[in-house]
Each structure stands twice: as structure tokens, then as C-alpha cells.
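Please consult the sequence and structure shown here.

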Amino acid sequence: MTLLVHTFVRGRSGRPHLLDDPPDGSVMAGFESCRTDLWGSERVRALGARFLPELASCDLYVEPEDIEEFLDECALLRRYAAALDAHCGYREGYVAERLANITAAARRAQDVGGGVLVW
């Protein structure tokens, strides 16, 4: 299984509606094991992340009002991407690539007043 990242907007009913995926197909947020091995790891939590660690126990919905803070978290983790690759046993560049996809979804959400779903 694979973790995916999508941009969503909420309809009148409050239910999220996923927007079309980007044409380059950059929707991967990691392996399913990344929920605990990476995003929910103590290492990521110790860096100060609060959104992505939620993936250890459930899917992550980042609401529109939290997008700026979420982008800050992604930027923080990007600074430590190489160390996270090594710590988690991923190939060089793996974490940075996943964060690029997640950040791109958050920027799309910012443009449309939407949110981000990682599941």
C-alpha cells in the first residue's frame, strides 16, 4: 500500500471533494509503513512536527485554516530530509521527494482555499 496526498475542498454538506491530481502524478506521500517509521516517528515528533505524526494513528486532514502552519512544518522537515533518510533507512532523496509532493498539494490547497488529505 502507498500513502497518497490530495488537495480537497469542502462542499456545502461539509464533505471533502478531492481535486484533480496534478498532471505529473506527484501524489505519493510514502509507503504505508511511513505512517509510523517516518511521519509518526519519535525523530519527526522531536523536530516539532504536529500534523504529519497524526498519520501514525489515522488519515491526516489539514483544514484550510491550518495550511500555513502545515507548510511551515514541511519546510522544517525538509531541512532534515537527508538525516531522516538515513535514520529511517530510505534511499537518498526519498523524504525530500515525498515532502515536495506534500508541499505541492498544500500550495494547491492554499490557491483554492482548500485543505490537504494524506491517506
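How many helices and strands does the protein chain have?

## Architecture

The protein chain has five helices and five strands, where helices (H or I, at least four residues) and strands (E, at least two) are DSSP runs numbered from the N terminus. Their order from the N terminus is β-β-β-α-α-β-α-α-α-β. The radius of gyration of the chain is 13 Å, close to the 14 Å from the globule rule for 119 residues, so the chain is as compact as a globular protein of that length. This radius is taken over C-alpha atoms, and the rule is 2.2 Å times the number of residues to the power 0.38.

## Basis of the model

The model is predicted: local features need pLDDT of at least 70, side-chain atom pairs count only at pLDDT 80 or more, and totals for chains, interfaces and linings use all residues. Residues are numbered from 1 along each chain as its sequence is written, and side-chain values use heavy atoms, with hydrogens and water left out.

## Nonpolar core

The largest nonpolar core has 31 residues, of which L38, W39, L52, F70, V95 and V116 touch the most other members. Such a core is a set of buried (under 20% relative accessible area, 1.4 Å probe, protein chains only) Ala, Val, Leu, Ile, Met, Phe, Trp, Tyr and Cys residues joined through side-chain atoms within 4.5 Å. Helix α5 supplies the largest share, seven residues.

Beyond its neighbours within four places in sequence, F70 is in contact (heavy atoms within 4.5 Å) with F51, L52, L60, V62, I102, A106 and V116.

Definitions and conventions: Buried means under 20% relative accessible area, exposed over 50%, partly exposed in between (1.4 Å probe, protein chains only).
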